[in-house]
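Please look through the structure shown below before reading the explanation that accompanies it.

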Amino acid sequence: MSNKCHDLEIRVKGHTRSLKVVPFDRLGMVSTTSAIIYLLHQITQFLQEHEYVHLIALDFSKAFDTVRHHTLISKLSHFPLPDCFHNWLIDFLQSRMHQTKVGQSQSTFLPINASIIQGSGLGPVCFIFNASDLHPTNPPNILFKYADDTYLIIPKTNSALIPREVDNISRRAERNNLKLNTTKSLEMVIHLPTRKQPAIPPAICGITRVKTITILGITFTDTLSLAPHVSSLCAKVARSLYALKTLRAHGLQGKPLHDVTQATMVAQLLYASQSWWGYIGQEDKNKLESSLTKAKRHGFLSAKCNNLVEMVSDLDESLFNNILRDPSHVLHQLLPPTKHTSYYLRQRSHSLTLPDLHSNLEHRNFMYRMLYKDIY
């Protein structure tokens, strides 16, 4: 998915329709990279003023299957959407039927009045509309939503309000034909990696507390260490190299082999790299770089291919430039105000005010890392 908008092509009753969907809500339909950057940015911001932050991953049972069509259509009417899109979506959801077949026996056709197609381009968009009325009850708590993935971020000062927030989400879920599954929900208490661990309150009743969590494919610990993610990447790369060797043994050579390597192994290494690259140390970076070097040495990649640091840097610059140029970008709101000066300084990549840094952890998140890039 792109960061700005999405061109969806969906077949409805034998006709192909194209639709452009612009992001909305706290995150809307954005790339997973931007979503993870936003999440980690909010956590590091909280850690400036609080000893720890609660991150609660909420699980809804069969979230896509239980969305009522009439509820979704009713919520759509509250948004300033073009009539053509609203009517098209109603037409898309109506008159759907299902039938069960067992052996030679078939049931009669019955109407479907709930569920949205999870694998379709329109499915996540519909779920975001359906979840648009879900908000935290107490500021500065943050409810982070990405399609059916929902995360509650609560600073230390609001720890006592967690049961109230969870109860609010559970009641809202029931009103919308959803069920909050607390047995599969997880809580992680994130704090700075200091010698003296803060006094953390007991775990929430019914929700498992963990030390490591995976969000949108990125694994990190309660001290925002990305070491587990690096270990997982190294294992994936090893499996990819084995598969590539098998392909080469069956005759795949030259540029086609390089293209497959780019689409598999390199894509795995670079997935959402803008969000986590600043959180890993030099030793972990060397591990990942050695995987790319090995692929070049064995002929899976061209010798002229950029190294991993250059690839990550290019992706960083591309995303940051998009954020600077596009006020509608979901991460544009995280930029500090423009700094106006009456004197001439050496040219920088931006003219924004540099925020104060209170800890080394802040300098690792994407926004601060790019803002200070010309300084360090």
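The paragraphs that follow treat a sheet, a hairpin, a helix and the cysteines in turn.

The model is a predicted one. Strands of a sheet pair through backbone hydrogen bonds, either parallel or antiparallel.

Within this sheet, strand β9 (residues 149-155) has two partners to consider. On one hand, strand β8 (residues 142-146) runs antiparallel to β9 and is joined to it by five bridges; here K145 lies opposite T150 of β9. The two strands make a hairpin with two residues between them, and A147 in its turn has a positive phi of about 55 degrees. On the other hand, strand β3 (residues 52-58) is also antiparallel to β9, and six bridges connect the two. In that pairing, L58 is the residue that stands opposite T150 in β9. Strand β9 is mostly covered, since six of its seven residues are buried.

Moving on from β3 across the sheet, one reaches strand β10 (residues 186-191), which is antiparallel to β3 and linked to it by six bridges. Opposite Y52 stands H191 in β10.

Strand β12 (residues 212-215) pairs with β13 in the antiparallel sense over four bridges, and T221 in β13 is the bridge partner of T212. Two residues lie between the strands of this hairpin, where L216 takes a positive phi near 50 degrees. Which faces of strand β13 (residues 218-221) are covered? Both are: I218 and F220 on one side, and T219 and T221 on the other, are all buried.

The next element is helix α7 (residues 254-270). Its 17 residues should span 24 Å at 1.5 Å a residue, and because its end C-alpha atoms are 22 Å apart, the model agrees with that expectation. The helix contains a kink of about 35 degrees, centred on Q262. An α-helix has 3.6 residues a turn, so residues three or four places apart point the same way. The buried residues of α7 are to be read with that in mind: L257, T261, M265, V266, L269 and L270 are buried. The buried residues of this helix pack against α6 (227-249), α8 (273-276), α9 (282-297) and α10 (308-325). Just after α7, A272 adopts a positive phi of about 55 degrees.

The account ends with the cysteines. How many disulfides does a search of the whole structure find? The search finds zero. A disulfide is a covalent bond between the sulfur atoms of two cysteines. As for accessibility, C126 has a relative accessibility of 2% and therefore counts as buried. C305, at 15% relative accessibility, counts as buried too, because buried means under 20% relative accessible area.

Conventions:
Residues numbered from 1 in each chain as written. Predicted model: local features only at pLDDT ≥ 70, side-chain atom pairs only at ≥ 80, totals over all residues. Heavy atoms only, no water. Disulfide = S-S within 2.5 Å. Buried < 20%, exposed > 50% of the residue type's maximum accessible area, 1.4 Å probe, protein only. Pairing = 2+ DSSP bridges. Expected span 1.5 Å × (residues − 1). Bend = angle between axes of the 7 residues up to and from the residue. Contact = heavy atoms within 4.5 Å.
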